[in-house]
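Please read the points below with the model open.

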Amino acid sequence: MIDFNDQHFRPLYHFSPPANWLNDPNGLVFYQGEYHLFYQYHPGSSVWGPMHWGHAVSLDLMNWRHLPVALYPDEHGMIFSGSAVIDWENSAGFGKEAMVAVFTHHHDHYEAQSLAYSNDCGRTWTKYTGNPVLLPPDGLCDFRDPKVFWYEENGAGYWVMVLAAHHAIRFYTSPNLIDWTPVSTFGEHYGAHNSVWETPDLFRLPVEGCDQSRWVLTVGIGSGGPGGASGMQYFIGQFDGKAFTSDNSESTVLWVDFGADYYAAQSWSDSPDGRRLMIGWLNNWQYAQLIPTTTWRGVLSLPREMSLRRTADGIRLFQQPAAEVLNQRGAHIEWTDLNVSPGDNPLVNLHGCALELDVAFIVNPQVEYFGFRLRVGAGEQTIIAYDMREQKLFVDRSHSGQTDFEPGFTRVHFAKMRPVDGIVHLQIFLDWSCIEVFGNDGEVTITDTIFPAEASQGVELFAQGGEVQVRLLKVYEMKPASITAVEG
């Protein structure tokens, strides 16, 4: 087991590396009962350096076994981000049901796409001797992070690669994962363009409540996100196997998450039951190498299940914690029909650093804002609240603990969110240095890191400017996940 005892910032039920540096999740694939999680990893330091692919497996998305490093830098460069697929019909010739990693080789600002394969459930890997298989066009420097999947229509199919290329997404097709043909480009004039685009994903989801479906294209952007610096935007539209068309106007910008710390998210290929499960890097490039951890840096979010629903603004992406997350619940306390006035704190006897809070507030137009203060201690608190007048959900970490490592860290993060039938529903996951907030069943999410003192463990429920009624509040202790050390 990983030693958590003297690392009070290390989360208990979020995934973190056994030691050293972690960033983007990579190569997410489900095969023979195991969820495979690869990730950008520097095994020699707790700051970014020569990138490898770390590797872990899980039977349930929460309890993980670390495996040896899967992919190492070589003569073509570092091993940057990418994806993994099961080649069910041996289209590449590496073996039937080979696990194939498609990744970016990076060397001196030159980026190209390469392959590696495994015939033993991802335990050992062989790099393709013909690497790289896709070279950058016209000397393009930013050409990375391939997401590959099998596209099939009317009984015929082929591989599709979705690739970040500077400020756009390029699409390629292949019969065999080796020979790639460019087919289209998307992104010019669409969405946010504050910096280069990265880490794309593309998947189809049904629209709840009808017989329609849409394709969702997610894209990371290194700066200009709603929480400051890194952010994840998404587009909803149609994909015909070669080209993506957005349902929304060029000026429409949709954000996956409104906090500072959800980036480079990817979804699992071949997830059982048809679920679209996604996980992101719980950090931000603005300060990722400065956060006050020591022997390790980097955490991944909780796995989320994605869905599409119609809203007053159109079809939108909803996110909820995967059902497996709820298996970490321990003992809980419950309150019903609770009235909270300014100055009250019904939770005065509650303390904790690893909790889930699930609450339904009945809105009162007269109240200013209401919510929770978490990790409360001497001069420290993180506020998660709803501003009734502005109709905004927000997280304020300006006094959350250590913040002086980066000036922008104290910024307040907020998302517009209307009550639903007079109710504001919040589901909050607190895990030592990680906070994930799901508003109104995942209509909006805010994900942030905090770095309070170990002694700051108070919990407060509060209202400002008037009384608010709590229809139902459940607070769960969250059990530690089992995350084993690296196996030989």
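1. A cavity here is a set of points, on a 1 Å grid over the protein atoms alone, where a 1.4 Å probe fits but cannot get out; lining residues have an atom within 4 Å of a point. Leu282, Asn283, Ile291, Thr293, Trp296, Gly298, Val299, Ser433, Thr449 and Phe451 line the largest cavity. Its volume is about 60 Å³, taken as the space filled by probe spheres set on the points. The whole structure holds four cavities of 30 Å³ or more.

2. This is a predicted model, in which local features need pLDDT of at least 70 and side-chain atom pairs count only at pLDDT 80 or more, while totals for chains, interfaces and linings use all residues. Residues are numbered from 1 along each chain as its sequence is written, and side-chain values use heavy atoms, without hydrogens and water.

3. An open antiparallel sheet has six strands in the order β23-β33-β24-β29-β30-β31. Strands are DSSP runs (E, at least two residues), numbered from the N terminus, and two of them pair if DSSP finds at least two bridges between them. β23 (329-340) and β31 (444-449) are the edges: each has a single partner strand, so one side of each lacks a neighbour in the sheet.

4. β23 and β33 (residues 468-478) run antiparallel and are joined by nine bridges. Arginine 329 is opposite methionine 478 in β33.

5. The disulfide count is zero, a disulfide being a pair of cysteine sulfur atoms within 2.5 Å. For cysteine 434, the closest cysteine sulfur is that of cysteine 353, at 12 Å, too far for a bond. Cysteine 434 is buried, at 1% relative accessibility; buried means under 20% relative accessible area, with a 1.4 Å probe and protein chains only.

Key. Helix = DSSP H or I, 4+ residues; strand = E, 2+ residues; numbered from the N terminus. Buried < 20%, exposed > 50% of the residue type's maximum accessible area, 1.4 Å probe, protein only. 1 Å grid on protein atoms, 1.4 Å probe; cavity = no way out; pocket = protein on both sides within 12 Å on 5 of 7 lines; lining within 4 Å.
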